[in-house]
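Welcome, and thanks for taking a look at this one with me.

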Amino acid sequence: MARVELKNLGKIYPGNVEAVKDANLVINDKEFVVLVGPSGCGKSTTLRMIAGLEEITSGEIYIGDTLVNDVPPKNRDIAMVFQNYALYPHMTVYKNMAFGLILRKYPKKEIQRRVQEAAEILGITELLDRRPKALSGGQRQRVAVGRAIVRQPKVFLFDEPLSNLDAKLRVQMRTEISKLHTRLQSTMIYVTHDQVEAMTMGDRIVVMLDGIIQQVAPPLELYHHPVNLFVAGFIGSPPMNMVKGKLVGENGSLFFVDETGALKLQTPNSREATLAAYENKPIILGIRPEQLLENREQQEKPGASINALVEVVEPMGSEINLYLSVGGQQLTACINTDTQPEVEQPHILDVDMEATHFFDANTEMTIY
Amino acid sequence: MMRYLQTGTIHLVLMVFALLTLVPFIFALNNSFRSNTEIYHGFFGVPESFSNAVLAARRVVAGDETPVEIAETDGTTRQAPPREALRENISLALLNYERSWRLIRPYMLNSFIVCIATALGVLLISSVAAYTLSRNRFPGNRAVYYFIISAMMFPGVLTFVPTYMVVRELGLLNTYWAMILPYMAGGQVFAIFIMKGFFDGLPEDLFESARIDGAGHLQSYLHIVLPLSKPVLSVVLIMNVISSWNNFMWPFVTQSDGRFHVIASGLFVLATSAFASSFSTLFAAYMLSSIPLLVLFIYATRPFIRGITSGAFKA
């Protein structure tokens, strides 16, 4: 069983820098969990504490049923893939992959079998005699992954393994690591700052900010039900539009009015009960770019559409990203390619109010 | 155009200066092939054995049987047919080397023993010390390092007499240890300094990766540090061998009974005693004594030039 559990985990670096605060997390056996967050959020530190490379200031880490706080890395039965590959430059690919097994005094035949097998999985069989410097970036990363595979560890740790690769290769390796997870059926913990990587790879995603775990959820739940403003803004590309304003009651309905007054949107009836408590209080409306819908007739619907000035048009192929301005408020919309909005022209878009989010402007927590 | 002229001139001047440094060497090399008689006649000039050998060789090729001169070592000359003269002159040219080799062979052996023991000792001790200082955080780490480094501030002459007294009290005078131990002690300081600098520059990821792979300190040191440090190890090796090979004063003082003279002190003994007037033998001995360092230099600088860590990391 390779369940990993963090209990009240904390890390304080010299100089009283609190990198991780009271982290609680259970990673189930065979689960692929992604730690994601902006740089300095403590995700790498958490991973390094699990690896045993960083001392734990407070709290406990369990791998399987063993408390590993004081267990050296080599006895934790983990393997780690580093961002910089960290291949041994003086060893061949074969030796790089075999090194861990050699140190553990595995029989030569067994080492050979495992390295061969891993090399086949990763398609690097013909590179086994080369040295790292004779490999391309993608090949090096494969070797680094191979080095982890041969050990057949309980837990795989990945520390931003793809951030040194170019965009195309990154996408390719992404799917390969996902396939690897399906194939190996082992627990994987993956650190990245790229929310797309997190969304596409993880069974569950752990979003961190300033050393605090913000939310732990499967990708789509995270996307549809972010717990706070940060998670909502961090997950999704292009990011969610955040509009500051307040709720105003009018004719028995609740309307969201932004600070400039240029935006006035009626809240859905189903939400009115929840939102009633926030009437006349500062509130933030979160609209994902794809919740701004194309209005074919270009006719304004009071309380359900916006009339915006198109500032930039970005055709992406399958869709168009529009950068809009409404009364000084910047919005991003993501619409299909049927229409061709023109720059510097007004454009009317409907708002899918049922799907939008509201956040308390003071606590930044999600209202719904 | 102007630029080319300028750089060309600068290069020319530099080349002349560079060549000037070779003058003493060429001078010694030239004289090492000349007989004492020739040297007494003048310090410059092509070795007679060379010019005679060339002349003889020409006549052999041309089939000309006119006799050629052979300048014997006792100062007399005789005529011989070209074939014989060629053979004789070649062996005359090498005569100095044969003689001096017999004389300096024991000194060379002593030098080899002292240099190898010193270099191995320095490499081992300083690399372990540098690894410890570089890769381990322990209380007083920096203090220990600065303490070691501060030893570099004392010039050798200052420690000469105290070291001599220590060696004498230990009863090591006139033994190999009188040289090996102080050389090791002295050579370490700078070696630790440059090795620590080098080890600090080795990427931390490598060591972390090794730790996860199951390597302890000893294994990290053996499998990661040493193979990756060939450039700096060869620098330390060269520096130590050169300095212990060339050290004259210390072996001269500590090896007063002459049993374990090394090459530097041995040459001095030769030059001030029986062979004081035999310049030809001495010059040949000087030449022979510099060959090991030349060979070492050619071999040990190789890993130095290769960029050994290139490619293991994302630049």
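This is a predicted model: local features need pLDDT of at least 70, side-chain atom pairs count only at pLDDT 80 or more; totals for chains, interfaces and linings use all residues.

1. Of the 368 residues in chain A, 40% are buried.

2. Chain A is divided into domain 1, residues 4–234, and domain 2, residues 241–360. Their C-alpha centres lie 40 Å apart. Where the two domains touch, 4 residues of domain 1 are in contact with 5 residues of domain 2. The domain 1 side of that meeting divides into 3 nonpolar residues, 1 polar and no charged.

3. Which residues touch the most other members of the largest nonpolar core? They are Val34(A), Met80(A), Leu157(A), Ile189(A) and Val206(A), in a core of 144 residues. Both domains of chain A take part, with at least three residues drawn from each of domain 1 and domain 2. Apart from this core lies another, of 7 residues, including Ala56(B), Val68(B), Ile70(B) and Ala71(B).

4. Now for the place where the chains meet: 23 residues of chain A are in contact with 21 residues of chain B. On the chain A side, strand S6 (78–81) and helix H2 (93–103) each supply at least two residues. That side of chain A divides into 15 nonpolar, 5 polar and 3 charged residues.

5. The axes of H4(B) and H10(B) come within 9 Å and cross at roughly 140°, and the crossing is right-handed. Among the residues of H4(B) that meet H10(B) are Ser111(B), Val114(B), Thr118(B) and Val122(B). From H10(B), the partners include Leu233(B), Leu237(B), Asn240(B) and Trp245(B). The residues of this contact divide into 10 nonpolar, 6 polar and no charged.

6. What covers the buried residues of H12(B)? The cover includes H4, H10, helix H11 (249–254) and helix H13 (279–300) of chain B. H12(B) itself spans residues 263–272, and its buried residues are Ile263(B), Ala264(B), Ser265(B), Gly266(B), Leu267(B) and Leu270(B).

7. Last, a loop. Asn136(B) lies between H4 and helix H5 (141–150) of chain B. Is Asn136(B) buried or exposed? Asn136(B) counts as exposed because it has 9 C-beta neighbours inside 10 Å, and the cut-off for exposed is 12 or fewer. The C-alpha atoms of Asn136(B) and His217(B) are separated by 9.5 Å, while the two residues are 81 residues apart along the chain.

Notes. Residues are numbered from 1 along each chain as its sequence is written. Chains are lettered from A and ligands numbered from 1 in the order in which they are written. A residue is buried if 20 or more other C-beta atoms lie within 10 Å of its own, exposed if 12 or fewer, and partly exposed in between; C-beta atoms are placed from the backbone. Axes are lines fitted to C-alpha atoms, for helices over the stretch in contact, and angles run from 0 to 180 degrees between N-to-C directions. Helices (H or I, at least four residues) and strands (E, at least two) are DSSP runs, numbered from the N terminus. A crossing is left-handed if the near helix is turned anticlockwise from the far one by less than a right angle, and right-handed if clockwise. Two residues are in contact if their C-beta atoms, placed from the backbone, lie within 7 Å. Ala, Val, Leu, Ile, Met, Phe, Trp, Tyr, Cys and Pro count as nonpolar, Asp, Glu, Lys and Arg as charged, and the others, Gly among them, as polar. A nonpolar core is a set of buried Ala, Val, Leu, Ile, Met, Phe, Trp, Tyr and Cys residues joined through C-beta atoms within 7 Å. Domain bounds come from an automatic or database domain assignment.
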